[in-house]
Structures are given as structure tokens and as C-alpha cells.
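This report looks at the surroundings of a ligand and then at one pair of helices. Please keep the sequence and the structure in view while reading.

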Amino acid sequence: MTEGPLPLPARGMPTGDVLARLRALRTSDANWKDGKTWSLVYYAGEELTELLKAAYGEYIHENGLGPMAFHSLQKMEADVIAMAAHLLGGDGDVVGNMTSGGSESILMAVKTARDLARAERPAIAAPEIVLPASAHPAFLKAAHYFGLKPLRVPVAADLRADVAAMAAAITENCVLLVGSAPSYPHGVIDPIRELAAIAAERKIPMHVDSCVGGFLLPFVRKLGHPIPDFDFAVPGVTSMSADLHKYGFGAKGSSIVLYRNRQIRRHQYFAFADWSGGIYGSPTMAGTRPGGAISAAWAVMNHLGEEGYLKLASTIMETTKALMQGISAIPGLCILGRPEMSVFAFASDTLNVYALADAMEARGWFLDRQQQPVCLHMMVTPAHAGVVQSFLSDLRECAAQVAAVDPDEVTGAAALYGALATIPDRGAVQDVVLDFMDEWTKVKE
Ligand SMILES: *Cc1c(COP(=O)(O)O)cnc(C)c1O
């Protein structure tokens, strides 16, 4: 490990060498292409990947900051937003923007709610947002960045937002109520209709975080699965987030934030008219925006169409069903709550599932460890259709192996995760995470 600044190579490396080198760097990466990972990558095959690369490459230099210069990007972005609004139950008033990802979409929705309250309810000095404990940390990041107080409400026994407890947490300082469709940890859909009714009655905006579900649930429903209402069809829902770079199967760096109408969205925008560089306007966090993320999203939506997304959704749901049934059949393992699409978690009363994750990792499978309650996370994509049997047979063997070990005798990563999940001083755990992030930027040989 080298410390300190690293000089540029004195002489540049030829194209072929540099590409060979960067491909070689990948050898110790998680193998997502063969369906070994259960988070982070949403892969739907080589054909779609080639389309994304080509579409992204076409616009690799264009800048989404300048719609006047690039009418092409302006048109594609408007199409993408309008198609997303249609999918999510929007009428002609629903508007939105593309962002770099779910976190940016959520940052924008929270900032918009704060500034809407500043304009319409100026008596609020210390704005609060009320959210279920299962909501994504991006809301806490937004509260941290924009000076709001988050009020996290424990979820109900079914792991969905507890409507009565959420209602009770609302004070006169509340500027935003949050629900997820579905939640990332357990894949359950919060009672959006009930939450939105409370929001409407108390005249508070309501955000539905459909980052992971926004581009899958509409198709799952169309396939006949009973999906409760979660989108703009529900009165009281004022904003939504949906990630193109998840089940939209776009390139990384693309998401959507939508608002019920233009009056709300206006509080998202930033403009500055007195800069020597000219009149400046920027709708979202980013200044320069990669044209490729926009063109790739436009390309994949037009290439797949409803038919293509339905076909992928059907594969994903069949794969999920087989995995959930297989996991439930393994002694000691159970699925948490009632997951509605392709994201779920499983736990155990008898086995140490962190030790199970370690055993699976030794066989090349990457499962995310969750906490409160301790469980393992699954996010199913078309890449997993071919690995159901091998995954389940490895899981069965690993579960038997872990069952033979005294749960108090676990070692290695499982012991560390177990400690981190249960240390009462969460501030100390946060410090561990900060230290870990510091290490990321150290130059390695
Ligand atoms: C992924 C996700 C986010 C955050 O999105 P990023 O693209 O990782 O920034 C927010 N909410 C939910 C429910 C998610 O699944």
C-alpha cells in the first residue's frame, strides 16, 4: 500500500494495454454476471447490455446541463419522465426530473418538501420528516444535508409502516411523510393508501419511495399479482422516486423523481441570475449531467417496451417464487413478512444467518447481512433464473454445516457482523463505518 500522492505515469499506456489492465483488475470482484450477487447489479443479459453501451456511448460527451445545446437530450429526458409518470399512475399534471440515482431523487424530494413548507408554512422553524424505520438511509442523508429532523417510527409486526404510530409522530413541524413501495430491507409495501390519507388530512406532502419497485411493480401487477395501490393513483401522494438503474434496467446513474404538479416541483429548482458566467439554472443536485445516462434510459425503455418489461417481470417473479419456496423448505429458515415482488429477506430462529452468509461467501455467493432483525437479503434479477437450483443446494448444505456449530461459537466475519449489529452504542458503530470509508481511498498496489 502506497501512502501519499501518486504521480501520473510519465508515459501513457497504449489503449490495448490499459484496457487489458482494467479488465484484469476485475478478477477478485463479485461475479454478478453468473448471478452470484444478490444486490447492487441488475443484469438482464448481454443483448441489453450491448444496447446500453451503444446508447451511452453515443452521448458520452453530451451534457444534460444544457438542454438548449442538446435538443436530443431534452427530448429523450422528457420522454423518459413522461413514460415513468404514466407507469406510476400519473395524470397530465405529474412532472419530474431525471437524477443520478435513488439517493439524489430522495434528496430532491426532501429538499422540495422543506422549501415548500418554507414558502407556505413559514411558522415552522425546525422542520421534521416522519418515516418508517425501514425507509432508505438516503432520507436520513437528506435530513442531514438539508437540516431537517428525522423522526423514525418502528415498523409494525408485519415489517410494514405502522400507520397509527406514524400518525402519532406527526407534529405541527412535519413537512413530509414517507412510505416505501416496497422497502429495500424486506420488500414489503407500506400501507400507502392509509398513510397518504393521513398526509392529506393533515395537509402534509407524502413521498412514496419506489426506487427499487417503481419499474417492476406496475408490470408485476399487470401479470396478475395483487399489488396494493402505491402510486399517484392514491390521493395524497405528492412525490415519488423510481430508479431506472435498478429494475428499469438502465445504465448506472439514472433515476426519476416525480411530483404531483409543477407548483410543488418548483421548490426543487435552483436558479442564479447574477453570475458573470451567465444566467444559470439547474433542476437537481448535479451541475453537469452525463448525457449517456439519459440516452441509455431512453434506449432501454423504447427497446423493451411494455412487452419486454412484462417478460422480464415474469422471469423475475417465477425465479423469486422458486427461491422463496426453496428457502422456506430448508429447516430453520423462514422468509420475513409478506414480500410483494422480488426483494425479500430470510432469517432463522435456530441458525446464525451471518455464519450462513460466510459459508455461502466461501462458495462465491454474496448475500447482504441485515440487522434489526438479523437476516439475509435477496434481490432477484433475470440473471438469477439459471442459478436457483445451485443456490438452493449450496444454501441447504451450508445451513446444515452451520447448524452443527454452536451459535455462540461463530468466528470470522459472522462474529464481527454479529457484534456490530448488537452493540448498543450505535455512534461507535457509525465511527467504525467512517474509519472504513477513510480506507477506501488509500492507493493499493
Ligand atoms: C436503492 C434504493 C435507494 C437509493 O438508491 P441509490 O440509487 O442507491 O442512490 C432508495 N430507496 C430504495 C427503496 C432503494 O431500493
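The residues of the shell around the ligand divide into 4 nonpolar, 5 polar and 3 charged, where Ala, Val, Leu, Ile, Met, Phe, Trp, Tyr, Cys and Pro count as nonpolar, Asp, Glu, Lys and Arg as charged, and the others, Gly among them, as polar. This is a predicted model, in which local features need pLDDT of at least 70 and side-chain atom pairs count only at pLDDT 80 or more, while totals for chains, interfaces and linings use all residues. Residues are numbered from 1 along each chain as its sequence is written, and side-chain values use heavy atoms, with hydrogens and water left out.

Among the residues surrounding the ligand are His136, Tyr184, His245 and Lys246, a residue being near when one of its heavy atoms lies within 4 Å. Helix 4 (residues 102–120) gives the largest share of this shell, 3 residues; helices are DSSP runs of H or I with at least four residues, numbered from the N terminus.

The table lists polar contacts, that is, pairs of N or O atoms within 3.5 Å.

| Side chain | Ligand atom | Distance |
|---|---|---|
| Ser103 | oxygen | 2.6 Å |
| Asp209 | nitrogen | 2.6 Å |
| Asp243 | oxygen | 3.3 Å |

Taken alone, the ligand exposes 380 Å², of which the protein buries 85%, with areas from the Shrake-Rupley method and a 1.4 Å probe.

Elsewhere, the axes of helix 11 (residues 353–362) and helix 12 (residues 388–403), as lines fitted to C-alpha atoms over the stretch in contact, come within 9 Å and cross at roughly 125°.

Methods:
Polar contact = N/O pair within 3.5 Å; in protein donor to acceptor, adjacent residues only side chain to side chain. Helix = DSSP H or I, 4+ residues; strand = E, 2+ residues; numbered from the N terminus. Axes fitted to C-alpha atoms, helices over the stretch in contact; angles between N-to-C directions.
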